[in-house]
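Subject: Structure for you to look at

Hi,

Here is the structure I promised to pass on.

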Amino acid sequence: MGQIERLIQNYDTRVSLPWEKNLAGPQRVWFAVYNKAEERRLRKRLDEFEISTRRAKHGWAKLDLTDSFANWLSTSDEDHRFGYFTNPEHLEEGSSGLDDFKEAIVQQVNDVLTSPAPDESAVVAICGVASLFGFMKTSELVSRVESAIRGRLLVFFPGEHEGNTYRFLDARDGLSYLAVPITSDEGLRA
């Protein structure tokens with residue numbers, strides 16, 4: 001059995017367990033951790049995560065961030081858009097352009113989290129976080145939206161997990177985060 005099949009099985013087990021209601025935001029976050037080389041296989045099988053969720057009698061909402069930068073750039077006014085292409089440093093850490101993009105992403109996720117459909121028994125799934133690489137850390141995004149999570153936030157995380165440390169795309173030092181890991185390893189983790 002392949003990694004993605006095992007990840008789906010382990011997610012199916014996790015989503016089927018009874019949900020505790022009085023959890024803090026960080027404890028309502030699930031990271032589905034998979035090898036970055038499996039991205040296309042995972043994308044092809046995202047429907048199976050939804051099927052598992054609905055079979056467990058939970059709602060489902062999905063947000064794909066893959067095109068978020070291009071969409072944000074296309075809606076920027078022409079002067080700003082031209083400015084980003086002529087001076088890419090306007091999108092470096094600490095710049096107002098990058099801060100504007102981060103705010104737009106946080107707002108996009110918060111809009112889904114606070115919309116009426118995904119209630120306290122729903123899973124909001126986010127894929128495409130690899131497209132944020134170089135612009136925003138996944139941990140920053142999650143920490144900025146965790147107060148709006150009513151059910152569970154499932155983040156499809158291309159990288160590795162060991163202990164409480166997550167390594168995004170195998171390219172950064174690991175981040176320590178309280179999210180519940182769901183991996184392709186056999187069995188459930190806490």
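Below is what turned up, going from the overall fold to individual contacts.

Some ground rules before the details. This is a predicted model, so local features need pLDDT of at least 70 and side-chain atom pairs count only at pLDDT 80 or more, while totals for chains, interfaces and linings use all residues. Numbering runs from 1 along each chain as its sequence is written, and side-chain values use heavy atoms, with hydrogens and water left out.

**Overall fold**

The protein chain has 7 helices and 7 strands; these are DSSP runs numbered from the N terminus, with helices being H or I of at least four residues and strands E of at least two. Along the sequence the order is α-β-α-α-β-α-α-α-β-α-β-β-β-β. Of the 190 residues in the protein chain, 46% are buried. Here buried means under 20% relative accessible area, exposed means over 50%, and partly exposed is in between (1.4 Å probe, protein chains only). Taking contacts (heavy atoms within 4.5 Å) with a separation of 6 or more, 74% are between residues 24 or more positions apart.

**The cores**

A nonpolar core, as used here, is a set of buried Ala, Val, Leu, Ile, Met, Phe, Trp, Tyr and Cys residues joined through side-chain atoms within 4.5 Å. The largest one has 30 residues, and Val-29, Phe-31, Leu-113, Leu-141 and Leu-153 have the most contacts inside it. Elements giving two or more residues to this core include strand S1 (29-34), helix H4 (68-75), helix H7 (138-145) and strand S4 (152-162). Helix H6 gives the most, with 7 residues. If you click on Leu-141, you'll find it in contact with Leu-65, Ile-105, Val-106, Val-109, Leu-132 and Met-136, leaving aside neighbours within four places in sequence. There is also a second, separate core of 20 residues, which includes Ile-8, Phe-49, Ala-125 and Leu-154.

Helix H1 covers residues 3-16, so to speak 14 residues, and reaches 20 Å from its first C-alpha to its last. That is close to the 20 Å expected at 1.5 Å a residue, where the expected span is 1.5 Å times one less than the number of residues. Its buried residues are Ile-4, Leu-7, Ile-8, Asn-10, Tyr-11, Arg-14 and Val-15.

In H4, Ser-68, Trp-72 and Leu-73 are buried. They sit on the same side of H4 because they cover an arc of only 130 degrees around the axis, the arc being that of the directions from the helix axis to the C-beta atoms.

**Arg-45**

This residue lies in the loop between helix H2 (39-44) and helix H3 (46-55). Apart from residues up to four places away in sequence, Arg-45 touches Ile-4, Glu-5 and Ile-8. Arg-45 and Glu-5 are 40 residues apart in sequence but 8.9 Å apart in space, C-alpha to C-alpha. Their side chains are joined by a polar contact of 2.5 Å. (A polar contact is a pair of N or O atoms within 3.5 Å; within protein, one must be able to donate a hydrogen and the other to accept it, and residues adjacent in sequence count only if both atoms are side-chain atoms.)

**Salt bridges**

With a salt bridge taken as a side-chain nitrogen of Lys or Arg within 4 Å of a carboxyl oxygen of Asp or Glu, the count comes to 10.

- Asp-12 and Arg-55 form one, with the closest N and O atoms 2.8 Å apart. It links distant parts of the chain, Asp-12 being in helix H1 and Arg-55 in helix H3, 43 residues apart. Asp-12 is partly exposed at 22%, whereas Arg-55 is exposed at 52%.
- Arg-54 and Glu-50 meet at 2.9 Å, N to O. Both lie in helix H3, 4 residues apart, about one turn of the helix.
- Lys-102 and Glu-140 pair at 3.3 Å between the closest N and O atoms. Lys-102 lies in helix H6 and Glu-140 in helix H7, so the pair ties together parts that are 38 residues apart in sequence. Lys-102 is buried at 5% relative accessibility, while Glu-140 is partly exposed at 24%. Salt bridges that share partners join Lys-102, Glu-103, Glu-140 and Arg-144 into one network.

Cheers
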